Amino acid sequence: MPAVRTRFAPSPTGYMHIGGMRTALFNWLFARRHGGQFILRIDDTDRVRNIDEALAPIFRAFQWLDLMWDEGPDVGGPHGPYFQSQRFDHYHNAMVALLAARKAFRDFDPPERAKADREAAEREQRTYLNVRRSLELSPDEVARRAEAGEPHVVRFLMPRGEGRMLTIDDAILGPVEFHVSNMPDPVIMRGDGSPLYNFATVVDDELMEISHVIRAQEHLSNTPIQALLHEALGHVPPVFAHIPYVAAPGSKEKLSKRKLDKYQKNPLFQKMFEQADRIFPKLGIPENERPDPVMVEYYERIGYLPVAVINALARIGWSLDDKTDIMDRDTIVANFDLGRVIKSPAGFDPDKLDSFQQHWMGRLAIEEKVAGVLPYLVAARLAPDSSGQWTVDSGETRDPAAVHRPRSTVHSLLTLIGKRIKVFGDVLDFDYLLLPDDGFAYDETAFDKRVRKEPAPELLRGFRERLAAAEAFDAASLEALMKAFVEERRVKLGDIIHAVRVAVTGQATGPGMFETLEFLGRDKCLARIDRALARL
RNA sequence: GGCCCCAUCGUCUAGUCAGGUCCAGGACACCGGAUUUUCGAUCCGGCAACGCGGGUUCGAAUCCCGCUGGGGUCACCA
């Protein structure tokens, strides 16, 4: 096999689609697997205004997942430039060659005319073929009008009326046949001299020596045009491999950012939006700036692990064998194979992603969790930033005692809440453990049931005194303390434990009670119980 | 509508190319049990699929034909 070179060619849209990321991943994987190169090329022929801004989220997504390219923006390479907007000379030369070989022609028909032709065909229910009026013009006439600067496009001449079939040997779909003789002549150059996607792609894939074009199946219908273009230009075409596109959860419809409204009602997608509702407000992200679950950015901001996202993405349409689901990146690279890519579209499954996430989160060392969680605590002003400063001084929610909250506090917080954190952003669900003693909210339903109801107040007062007098304040001692208390008072453990939990955390549920008390420490426990008692 | 693709548990999939070992395997979700001060986590167990109809064959999830269903794409977007 010749050197493997794959590419991903996003257009600068200002966001990175999760489905596009999956396509990029497969390209990256295939290149890595075969010791080849992965090229990033920017498809900006359509000229964008602030390209830097539109590109930033794309680069960021690749960096986050650590899928770096061997050639492309920033790193450069021998086949640059890697922005199509800077490669117009190449496209122009190829166009001139096609024109000279009479494999393309200048079409002087105004766009309205082509549109009218198309609509007429539609009305009469016949296959639309563009009318080649300009082909009737004499070469001199064409030259004269072109030189006079008369607006026109350049169209590639498709074989017409020959009943010609073209077979593409797709690496995933196998042979796919097209009736090439009743396809309209595609425009390859706009009136302003800029190339169209189908053309620029062919020219660049050749020049950049791309060996395998791995892309989503939605591009299948472009393939005969590109194959013919390669042929006309005298290229050996690359291998085409059309992977199934990523569908919306539980459906076969292509995942699309335009259908976000619909996804809000999709039960499988629901949890993603709920997660956003829970986490983003605490990070101070305004509602209109929230990343949505169709974008890669969403997963980064919520606090998913790159390894989990890659694991999930790789399993959409590809499998290693009949039983392996959990795979780290190296395992996937070592086993990736186009032959094991399936043909039918596959829904993106948030539940499955979460199970991968849970698995990989569980394997993290506590220090890694601390590092992952810290930015969230800082953003929510529950911990100082790296310089020891609070980003914003918010007198109300700030806990003076915590200004110099040591890293060890976060460490013990994570020891306490451990596996309850599925994504890093979940740490904010436990903000009540870090907020000032008078700053967290009580779950009123739980408060009524567990604290206000007799005999809870009396028990709470009694147990408060035990806590105040306790010799040791570690979980084991506290447990012994409470058990002794319960026996003495001849009550059930549940009677007091729930009262203490609600009084001290405001929550009806949470981590182990005694561990929680130990984490908070005596002073805070007493202060919180006093606060609860005071609001009876 | 034209062209093209696809079709196994609710979901992601293995098995299909080389028909029997598949009354179809794994994972997620779901349900039940164990454990537990709560929630969660964990461990056990369970439910659950070859779209339909014809062939070919001793034998078909696997091969052939048809149907049905789902989807992609039809721009001077990418």
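Select the residues around RNA strand B: there are 61, and Asp43, Tyr197, Asp322, Ser344 and Ala346 come nearest. A residue is near the strand if its C-beta atom, placed from the backbone, lies within 6 Å of it. The model is predicted: local features need pLDDT of at least 70, side-chain atom pairs count only at pLDDT 80 or more, and totals for chains, interfaces and linings use all residues. Residues are numbered from 1 along each chain as its sequence is written, while chains are lettered from A and ligands numbered from 1 in the order in which they are written.

Next, colour the elements that give two or more residues to this surface, among them helix H4 (111-123), helix H13 (350-362) and strand E6 (174-179). E6 gives the most, with four residues. Helices (H or I, at least four residues) and strands (E, at least two) are DSSP runs, numbered from the N terminus.

Move to helix H16, residues 444-452, where Phe447, Arg450 and Val451 are buried (20 or more other C-beta atoms within 10 Å of their own, C-beta atoms being placed from the backbone). They lie on the same side of H16 because they cover an arc of only 100° around the axis, taken from the directions from the helix axis to the C-beta atoms. On the other side, Thr445 and Asp448 are exposed (12 or fewer such atoms).

Finally, show all of chain A, which has 21 helices and 11 strands. Its C-alpha trace spans about 110 × 50 × 45 Å along the principal axes. Of its 536 residues, 36% count as buried.
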